[in-house]
Amino acid sequence: MQYFKQSILGVCAAATLSGCAAYRLEPPPGFVEVSSNSVETRLKAQDNVGINVQRSYNNKGGTLAYWANDLVNKLGKRGYVLIGQAAVETKNGREGTRFDFDYTIPGTDKPKFYTVSLFVTDKYKFVVQVAGDKQFGAAYAARNHEILDELVVRGCKVASKICGSPQPGKLQTPAPEVIPDGPPDIATDTPAPASTPTPVATPVAPAAPTP
Amino acid sequence: MHRPILLFCCALLGLAPGCAKRADYSMAPPAPDVAYDNYGGESAPAGSAAPASPEMPSRSYGGDEDYAKKGEAMREESDSPSMGPTSTPTSMPASPAPPKQAPPSGGLVTKSKPTDAKEGKAEKDDGKDPQKQVARQIIYTAEMGISVFKLDEAMERAETLALESGGYVQSMSLGYYILRVPAAKLRGVMAELGKLGVVESRSLQAQDVTEEFVDLSTRIRVLRETQLQLLALLKQARNVEEALSVRRSLDQITMELEQAMGRLRMLESLIGFSTLTVRMSQRGPQNAIPSSNDPFPWVDGLGVEATEWN
């Protein structure tokens, strides 16, 4: 009887320690975990391609289609261009949607690839982001299923409608809104004065500037 | 019986404005505020209870030309080097002259013409308009908060903009600038700075210092005249005691004159060069989109910048 009680306690403790994490991602081959906590895990490959898993709470009624629309719309406004969309699955069988984007950081001429996979459960929403230089995009797109095979997400209720919600329709990114606000070409033809001059003693009529 | 009444009447006459000239030559130090203008219809300051003497009449502000001519004349007459109107203060950079151009859009202040006949020559400098016009003197102070992609380059650009506009950098630290730009170019500089990134805050305050400016100008003019009179008295001193007494009064007037001129120069600097405080912050994935009322900002933390490694 004593042995039985101890066994029950041990099983409960093990279940508590291992099974309560909202998600778990084992580093895929070629990646090393840089940091990890309950809401974010970051991994790095030798070619500076990174994986970033983020967990955030789901709002009541938030479905995969709703958040997928929100994600694509907001990223599109930031200058991301959607080039691919596909259904994906985690190691524990949760269905999500993967979006592939092209992106160039404003003010630079280095194209990037950005893949984000979205999973939505009753309690959480998870994104698995993979990003790096555009030249590595094709290779990591082919490895995406390999990465997601290392992911376990939780938060589904029994007979959940959220976890079984349908895939979003074919999405498109809107026109970017932020790109024009990127840093302008700051090169000027007139060289800057070598030092800060003192103001010249010429009369200056105060204008009436308006903000 | 009538003798005390006669004495009393004489005493009253002695206090009348007509006796002010005599009082001036009695070597008593003149009250510094005796010639404060009754500018804008307001009453004179508390220290200006004494009536103005004929030599120090109350006058309206005649503009900088009058100011400069008076200064030149005084410089020629005066032996004291500290009395020059263009003496440069040691604690602040050379300040621009106050505006001489067309009055800004802030409006006009009018002042009634003085009645003293001796001022006729000075009045010619100010034009034939019986209603003198004094441009509004306004100090502009502006602030901007900008989030930029490349902080270093944006800071360099901000400094260049200030210099190109004829201004200068008053102080700086990482992401923080206090720029002094010509008031007329403040709006243009702010517009150019706004192109460096996303303007997250912008403000502009205007402080009308016309009254203080006019008061100071008038005060300086009156102090200068008093100074010249004291110098004349000093030359007429018959003994050491009289000379020392005049000298004390002269020193006091000179000190007050320098204080007023210092304050005027500072006002001129603040009016001519607006103060623009710029705060810059680095833009990243967290603030790639200007803040909005989005109830679900979860996407703001996503993106290439938050994922890849450099």
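Predicted model: local features only at pLDDT ≥ 70, side-chain atom pairs only at ≥ 80, totals over all residues.
Which residues does Leu71(A) touch, not counting residues up to four places away in sequence?

Residues are numbered from 1 along each chain as its sequence is written, and chains are lettered from A and ligands numbered from 1 in the order in which they are written.

Chain A first. It has four helices and nine strands; helices (H or I, at least four residues) and strands (E, at least two) are DSSP runs, numbered from the N terminus. Along the sequence, the pattern of chain A reads α-β-β-β-β-α-β-β-β-β-α-α-β. Chain A has 211 residues, and 34% of them count as buried. Buried here means that 20 or more other C-beta atoms lie within 10 Å of the residue's own; 12 or fewer makes a residue exposed, anything in between makes it partly exposed, and the C-beta atoms are placed from the backbone.

Chain B has nine helices and seven strands. It has 310 residues, of which 34% are buried. Now contacts: two residues are in contact if their C-beta atoms, placed from the backbone, lie within 7 Å. Among contacts in chain B between residues at least 6 apart in sequence, 74% join residues at least 24 apart. For chain A, with a separation of 6 or more, residues 24 or more positions apart account for 62% of the contacts.

Next, the cores. A nonpolar core is a set of buried Ala, Val, Leu, Ile, Met, Phe, Trp, Tyr and Cys residues joined through C-beta atoms within 7 Å. In soluble globular proteins, nonpolar side chains tend to be buried together. The largest core in this model has 41 residues, and those with the most contacts inside it include Ile51(A), Leu71(A), Tyr114(A) and Phe126(A). Apart from that one lies another core, of 31 residues, among them Ala158(B), Leu161(B), Met190(B) and Leu196(B).

Back to the opening question. Leu71(A) touches Val116(A), Leu118(A) and Val299(B), leaving aside residues up to four places away in sequence. Seen from chain B, Val299(B) touches Asp70(A), Leu71(A), Lys74(A) and Leu75(A), with the exclusion of residues up to four places away in sequence. Val299(B) sits in the loop between strand S7 (273-282) and helix H9 (304-307) of chain B. It is buried, because 23 other C-beta atoms lie within 10 Å.

Now two helix pairs in chain B. Two packed helices are described by the angle between their axes and the distance between the axes. Axes are lines fitted to C-alpha atoms, for helices over the stretch in contact, and angles run from 0 to 180 degrees between N-to-C directions.

The axes of H5(B), residues 151-164, and H6(B), residues 186-194, come within 10 Å and cross at roughly 160 degrees. H5(B) and H6(B) are therefore roughly antiparallel to each other; angles under 35 degrees count as roughly parallel, over 145 as roughly antiparallel, 65 to 115 as roughly perpendicular and the rest as oblique. On the H5(B) side the contact is made by Ala158(B), Leu161(B) and Ala162(B), and on the H6(B) side by Val189(B), Glu192(B) and Leu193(B). These divide into five nonpolar, no polar and one charged. In that count, Ala, Val, Leu, Ile, Met, Phe, Trp, Tyr, Cys and Pro are nonpolar, Asp, Glu, Lys and Arg are charged, and the others, Gly among them, are polar.

The second pair is H7(B), residues 210-236, and H8(B), residues 240-272, with axes that come within 9 Å and cross at roughly 155 degrees. That makes H7(B) roughly antiparallel to H8(B). The residues of their contact divide into 17 nonpolar, five polar and six charged.

Last, some backbone details in chain A. Most residues other than glycine have a negative phi, and most peptide bonds are trans. Asn48(A) has a positive phi, near 70 degrees. It is in the loop between strand S3 (40-45) and strand S4 (50-57) of chain A, and is partly exposed, with 13 other C-beta atoms within 10 Å. Ala159(A) has a positive phi of about 55 degrees. It lies in the segment after S9 of chain A and is exposed, with 7 other C-beta atoms within 10 Å.
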